Amino acid sequence: MIDDRTAGRLTGPLNEVLKAIPDPQRGLPEPVFDFALKITPMVNVDLLVRDGEGRSLLSWREDDWGRGWHIPGSIIRVNEPVARRIAACAEAELTATVEADGPPLAMTEFRTARGHFFSLLFLCRLTGPIRNAALLDQSPPRPGALAWHRGVPDRLYPAHTVYDPWLSGSELPPGPVFRFIP
């Protein structure tokens with residue numbers, strides 16, 4: 001526990017940080033987000049977008065924590081309804097609209113080098129076209145590239161190997177599933 005004197009010294013600078021964030025629902029400046037990741041768990045949505053052929057739409061990711069195909073996802077903002085974050089994630093990562101087919105299939109707790117996350121996996125389907133078709137089927141893939149995959153891709157983003165059961169075939173495990181990954 002922090003003592004009152006230390007808390008008092010932090011109050012002013014923390015209030016300055018809050019003033020510098022005009023609208024937290026639009027996201028946080030990178031240094032503030034990185035700081036938040038170090039002190040509190042984050043809740044995010046992951047979108048398992050499937051088509052009528054049982055394929056999953058994945059996005060290519062390259063960052064300090066790995067590289068590979070990953071399920072699109074996004075951190076829920078303060079006071080934001082989950083449905084709004086699902087829509088914003090689909091727009092930002094897929095340039096498309098989606099609809100979630102019900103409650104989350106799974107809630108998975110991740111503790112990684114990046115941070116501590118509670119991820120809500122939603123089964124989704126496209127409700128409109130991918131507007132930026134240039135993102136599809138890039139070879140070799142670049143960050144943000146999209147591709148439909150049948151099964152688990154050879155180069156799955158390391159943290160998303162926990163989603164193998166949902167990616168491995170057309171049948172989805174019964175849910176919801178709550179998993180805590182040490």
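This is a predicted model: local features need pLDDT of at least 70, side-chain atom pairs count only at pLDDT 80 or more; totals for chains, interfaces and linings use all residues.
Residues are numbered from 1 along each chain as its sequence is written, and side-chain values use heavy atoms, with hydrogens and water left out.

**Exercise 1.** Find how many salt bridges the structure holds.

Solution. Start with the term: a salt bridge is a side-chain nitrogen of Lys or Arg within 4 Å of a carboxyl oxygen of Asp or Glu. The structure holds twelve of them.

**Exercise 2.** Work out whether Asp23 and Arg26, partners in a salt bridge, are buried or exposed.

Solution. First, the N to O distance of this pair is 3.9 Å. Next, recall the classes: buried is under 20% relative accessible area, exposed is over 50%, and partly exposed is in between (1.4 Å probe, protein chains only). Asp23, at 32%, is partly exposed, and Arg26, at 72%, is exposed.

**Exercise 3.** Trace the salt bridges of Glu53 to Arg55 and to Arg150.

Solution. Step one: the closest N and O atoms of Glu53 and Arg55 are 3.8 Å apart. Step two: Arg150 meets Glu53 at 3.5 Å, N to O. Arg150 lies in the loop between strand 8 (146-149) and helix 4 (164-167), and Glu53 in the loop between strand 1 (42-50) and strand 2 (56-63), so this pair ties together parts 97 residues apart in sequence. Here helices (H or I, at least four residues) and strands (E, at least two) are DSSP runs, numbered from the N terminus. Step three: a network of salt bridges links Asp51, Glu53, Arg55 and Arg150.
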